[in-house]
Amino acid sequence: MTRIRRPWAPATRLGIAALVLLLLAACVLSIHTYDQSREMRATSDRTRSQLMAQSLSLRISHAVESGIPLPSLVGVEALFQQRMASQPDIHAVALVLPGGKLLWQTTRDASAAGATAEAPVQVRGASVATLRLTLRDSGAATFSRATAALLLPAIALLALLAYLAARFSQAQGIELRNHAAWRARRAIAQGRYDNTVVLPQRRGFDLRVQQLGHAVRSVHEGLVRVRRLIASLRQTEPQHTRRERLDQLLAKAEADDRFAEHGIAQVRVVAVEAQAFWIALLVALSALALQTLWLRSLHLQGETPWQWRGVAPATAASLAAFFGAGMVAWSVTRWRRWPAPTVVLPACAALLATAVASAAGLPASLPWVFSMAAGAWHGLVVGAVLAACQAVEQVPRTRPDYAYARPRWRAATWSAWTVTAVWLGPALGSLALDAMGALQGAYALLLPALCAGFFVVRWNEPRSPWRSRTGVHGSGLAEAPRPATGRARALGQSGAAGLLLGWALAAHALGQPVLWAPLLGLGVGAGLFLRRRLPSSAVLAAVAAVATLLALASGWLSAGPSLQDAVLALAALLAGGALGRLARATEVEQQLPGLSTAQWAVMGVGAVGASSALGAHLHGGWPLLAAAVLLLVCGRAAPRAGGQHAP
């Protein structure tokens with residue numbers, strides 16, 4: 001029996017197309033830049049090699065002038081090795097006598113040699129030796145590696161954002177209209193003429209739902225006329241048998257169909273989960289990106305050291321303020337029951353104030369105070385917006401006149417926050433600072449928040465779920481009691497997400513280029529959005545834990561750094577996939593919304609602990625190991641995610 005392969009969704013095809021186009025554009029740009037800067041790089045290499053050679057020859061000249069014969073000098077090779085360790089571009093250093101005899105030489109490896117410079121070692125104006133310094137060849141291979149390290153994370157970031165935008169557009173457009181039309185056809189087939197399906201925002205090129213609604217109203221109005229006519233005839237008909245015959249005709253007209261007594265009810269099909277996902281993603285993206293820009297700008301400008309004995313306490317303090325303020329804003333917003341527009345629009349204005357402050361320049365003094373103030377400010381914004389988006393997300397569950405669009409995006413707010421926190425936000429902030437600087441980067445990072453404000457204003461129409469007041473005092477439907485295993489699993493997932501968030505944010509804030517950061521974000525995205533194409537979260541977490549242990553063991557055994565980075569990147573990819581799969585499995589049981597405050601606290605503890613140990617051995621690989629173990633424990637009891645209920 002041949003298996004029918006399902007075609008890729010339009011959003012997947014668009015994401016792949018964006019990835020391919022960005023890769024092609026990056027290749028063309030890299031080739032053009034390499035050709036244009038060939039002569040400039042050669043001149044720069046010659047100048048750098050000459051300056052390095054003169055610096056070393058001057059130190060040797062001082063030692064010889066003190067009275068020590070040149071062949072009797074001690075520590076020359078150690079000096080060469082120290083200089084080569086501090087300057088990775090140096091290929092070889094040699095000291096040659098005037099007759100051509102080689103006195104000392106140190107070579108790094110068998111790589112190709114590049115620019116060479118010579119500087120004389122002089123004693124009282126006379127040359128006694130020549131120092132020869134050779135740089136590594138800065139050819140196409142070196143240029144390609146450096147360019148790939150800069151461009152590939154940016155390409156992955158933009159491709160994932162394009163994919164998410166396509167998924168949102170598809171859910172808000174064709175999928176919403178198709179589901180509304182299917183729902184209306186099913187109601188007609190079941191004989192339900194007591195309600196009609198309504199789309200809040202109509203499209204002139206697709207009137208299927210409106211036409212079906214007109215048909216339902218026509219049938220209902222015809223029955224209403226029959227009811228009124230029979231009621232009038234029963235009052236004027238004196239014979240009892242004829243009145244019974246009229247009642248039989250009315251019952252036959254109604255048959256088994258359902259009709260309204262006083263008017264047709266309207267059921268509005270809304271893609272509120274996709275909308276909540278998109279608003280939470282945009283606001284959290286701007287807030288975390290601006291937070292990363294603040295931290296890295298203060299790190300570059302401040303005089304206070306941000307790392308002490310392998311610990312990054314300033315980043316941890318900023319995250320502590322972020323989650324503390326976010327938890328307060330979350331609780332207050334849910335308790336006050338503010339409508340979503342009154343929360344999202346002021347949040348966008350608050351982010352505008354942050355962008356203006358970043359563009360105006362950050363003072364070098366008091367970096368700890370400013371980092372904690374920025375963390376608290378952004379935490380207030382994110383906590384309030386996430387609470388408002390989750391309240392809007394639950395409106396169709398509490399009000400019968402609304403219906404969810406399909407496919408469902410269960411716990412959409414949580415999914416948006418997770419994928420933004422562990423990679424998209426910190427990576428975008430670091431990329432904006434490197435590419436455009438603090439001034440233009442701050443205003444560029446404000447664009448997602450402005451888009452969120454535009455969408456909220458557009459959706460804030462009469463009878464829209466964005467105008468509903470839903471909070472802890474809302475008239476929600478009765479929920480079944482959640483088991484203790486579900487609560488523990490949700491808290492464990494929050495702790496793992498917090499560890500990965502603190503790990504990623506501290507790496508980008510301190511400007512440490514790492515390979516695992518984009519792979520961690522791509523793993524979370526794959527776990528959230530790929531359907532039935534990945535193993536379970538327990539299997540992914542187990543393999544991630546083993547890979548992290550191998551990376552740590554390779555560091556203790558003094559293995560090559562490339563092997564350590566590759567194994568750690570693989571572990572980050574698998575851990576991200578496990579986090580996404582566990583989130584989808586938990587969404588099916590709807591365990592996340594009821595434990596939001598506790599999850600904020602657990603995530604904050606994990607983020608503070610992970611960010612404070614980034615400078616430890618192997619880039620602080622222990623947070624990844626702890627997150628993988630937590631995901632493994634939580635994933636063993638989690639149901640398998642899948643089907644149309646996943647986002």
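## Basis of the model

The model is predicted: local features need pLDDT of at least 70, side-chain atom pairs count only at pLDDT 80 or more, and totals for chains, interfaces and linings use all residues. Residues are numbered from 1 along each chain as its sequence is written, and side-chain values use heavy atoms, with hydrogens and water left out.

## Overall make-up

The protein chain has 21 helices and 9 strands. Helices (H or I, at least four residues) and strands (E, at least two) are DSSP runs, numbered from the N terminus. Of the 647 residues in the chain, 50% are buried. Buried means under 20% relative accessible area, exposed means over 50%, and partly exposed lies in between (1.4 Å probe, protein chains only).

The accessible surface comes to about 30,200 Å². Carbon and sulfur atoms hold 62% of that surface. Accessible areas come from the Shrake-Rupley method with a 1.4 Å probe; for residues, only the protein chains shown count as cover. Among contacts in the chain with a separation of 6 or more, 83% are between residues 24 or more positions apart. Contact means heavy atoms within 4.5 Å.

Which strands form the open sheet, and in what order? There are 3, in the order 6-8-9, and the pairing is parallel. The edges are strand 6 (195–198) and strand 9 (402–404), each pairing on one side only. Neighbouring strands are turned by 30° against each other on average, direction ignored. Two strands count as paired if DSSP finds at least two bridges between them. Strands of a sheet pair through backbone hydrogen bonds, either parallel or antiparallel.

Strand 6 and strand 8 (residues 265–270) run parallel and are joined by 4 bridges. N195 stands opposite A265 in strand 8. V197 has V267 of strand 8 as its bridge partner. Helix 5 (residues 174–189) packs on the sheet and touches strand 6, strand 8 and strand 9. The direction of helix 5 makes about 150° with that of strand 8. Axes are lines fitted to C-alpha atoms, for helices over the stretch in contact, and angles run from 0 to 180 degrees between N-to-C directions.

Strand 6 is covered on both faces. N195 and V197 are buried on one side, T196 and V198 on the other. In a regular strand the side chains alternate between the two faces of the sheet.

## Salt bridges

How many salt bridges does a search of the whole structure find? The count is 2. The criterion is a side-chain nitrogen of Lys or Arg within 4 Å of a carboxyl oxygen of Asp or Glu. R408 pairs with E273, with the closest N and O atoms 3.0 Å apart. R408 lies in the loop between strand 9 and helix 13 (412–444), and E273 lies in helix 8 (residues 272–301), so the pair ties together parts that are 135 residues apart in sequence. R408 is buried at 9% relative accessible area, and E273 is buried at 4%.

R399 pairs with D401, the closest N and O atoms being 3.1 Å apart. R399 is partly exposed at 31% relative accessibility. D401 is partly exposed at 27%.

## A nonpolar surface patch

I16, V20, L21 and L24 form a nonpolar patch on the surface. Together they have about 360 Å² of accessible area. Patches are made of residues with over 30% relative accessible area and no salt bridge; like charges are joined within 9 Å, nonpolar side chains (Val, Leu, Ile, Met, Phe, Trp, Tyr) within 5 Å. L21 sits in helix 1 (residues 10–36). L21 is exposed, with a relative accessible area of 57%.

Most residues other than glycine have a negative phi, and most peptide bonds are trans. Where is P407 placed? P407 is in the loop between strand 9 and helix 13. The peptide bond joining R406 and P407 is cis, with omega about 0°.

R337 is not a glycine, yet its phi is positive, about 60°. R337 lies in the loop between helix 9 (313–336) and helix 10 (341–360) and is partly exposed at 27% relative accessibility. R463 also has a positive phi, near 60°. R463 is in the loop between helix 14 (447–459) and helix 15 (484–509). At 58% relative accessibility, R463 is exposed.
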